Each structure stands twice: as structure tokens, then as C-alpha cells.
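Trainee: Hi! Could we go through this model together?
Mentor: Happy to, ask away.

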Amino acid sequence: MLRLTDEEYTALDEKWTRDNPKVNWARPGAFARDRLLLESLDALSANYIRAKAEAAGQTPAQVIGALVREKVAAIAGA
């Protein structure tokens, strides 16, 4: 875990107290992207990917990427 000195903590506190973080509402965050991705699949596929992701400690996008790379490698090796 990151440990801050008193000076670093004070500087960070001042920065976030003085400046509000900028949010881009037009760009969805990681959880919204995963939800949209899973909503575009049928229920069986979405449940499979969600279960694989949770078991592996990955995001659904990472699981899908691995499946696609695996399929491409199989095609390229054939």
C-alpha cells in the first residue's frame, strides 16, 4: 500500500479540495462498458463470460479478448 508523507498528503488534499475533478459524461466508465458488452450477448454467453471473469479475477472484456486470441491462434495454426 502506498504511504504518503505529511507533505505529500497535504499537497494532494489541497489539489483535490481546490480543483474539482473533470468528468466526461459522454464517455462511459469501465463498469458501464462491461454492462453494455454483456447486454449485447445472449443470456447463456453473458453468464458464461461473467462467471469466467469472476473466477479469473478479470473483466468480461479481458475474457472475450482471450477467447478471440485463442480462436485466431487456432485458425492461424491450422
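Trainee: Let me start with H4: which helices are included in what covers the buried residues of H4?
Mentor: Helix H2 (30–39) and helix H3 (43–56) are included in that cover. Keep in mind that this is a predicted model.

Trainee: And which residues of H4 are buried?
Mentor: Pro60, Val63 and Gly65 are buried in H4.

Trainee: How far apart are the end C-alpha atoms of H4, and what span should its residues give?
Mentor: The end C-alpha atoms are 26 Å apart. Helix H4 covers residues 60–77, which makes 18 residues, and at 1.5 Å a residue the helix should span 26 Å, so the two values agree.

Trainee: Nice. Which residues make up the largest nonpolar core?
Mentor: That core has five residues: Leu38, Ala46, Ile49, Ala53 and Val63. H3 gives the most to this core, with three residues. Val63 is also one of the buried residues in H4.

Trainee: What does leucine 38 touch?
Mentor: Leaving out residues up to four places away in sequence, leucine 38 touches Ala46, Ile49, Arg50 and Pro60.

Trainee: Where do glutamate 39 and arginine 35 lie?
Mentor: Both lie in helix H2, four residues apart, which is about one turn of the helix. Glutamate 39 is exposed because its relative accessible area is 52%, and the cut-off is over 50%. Arginine 35 has 44% relative accessibility, so it counts as partly exposed.

Trainee: What about arginine 18 and aspartate 19: exposed or partly exposed?
Mentor: Arginine 18 is exposed, with a relative accessible area of 58%. Aspartate 19 counts as partly exposed, at 32% relative accessibility.

Trainee: Last one: which residues form a nonpolar patch on the surface?
Mentor: Leu2, Leu4, Tyr9, Leu12 and Trp16 form that patch, and together they have about 560 Å² of accessible area.

Trainee: Where is leucine 12 placed, and why does it count as partly exposed?
Mentor: Leucine 12 is in helix H1 (residues 6–18). Leucine 12 counts as partly exposed because its relative accessibility is 40%.

Terms used:
Residues are numbered from 1 along each chain as its sequence is written. This is a predicted model: local features need pLDDT of at least 70, side-chain atom pairs count only at pLDDT 80 or more; totals for chains, interfaces and linings use all residues. Side-chain values use heavy atoms; hydrogens and water are left out. Helices (H or I, at least four residues) and strands (E, at least two) are DSSP runs, numbered from the N terminus. The expected span of a helix is 1.5 Å times one less than its number of residues. Buried means under 20% relative accessible area, exposed over 50%, partly exposed in between (1.4 Å probe, protein chains only). Contact means heavy atoms within 4.5 Å. Patches are made of residues with over 30% relative accessible area and no salt bridge: like charges are joined within 9 Å, nonpolar side chains (Val, Leu, Ile, Met, Phe, Trp, Tyr) within 5 Å. Accessible areas come from the Shrake-Rupley method with a 1.4 Å probe; for residues, only the protein chains shown count as cover. A salt bridge is a side-chain nitrogen of Lys or Arg within 4 Å of a carboxyl oxygen of Asp or Glu. A nonpolar core is a set of buried Ala, Val, Leu, Ile, Met, Phe, Trp, Tyr and Cys residues joined through side-chain atoms within 4.5 Å.
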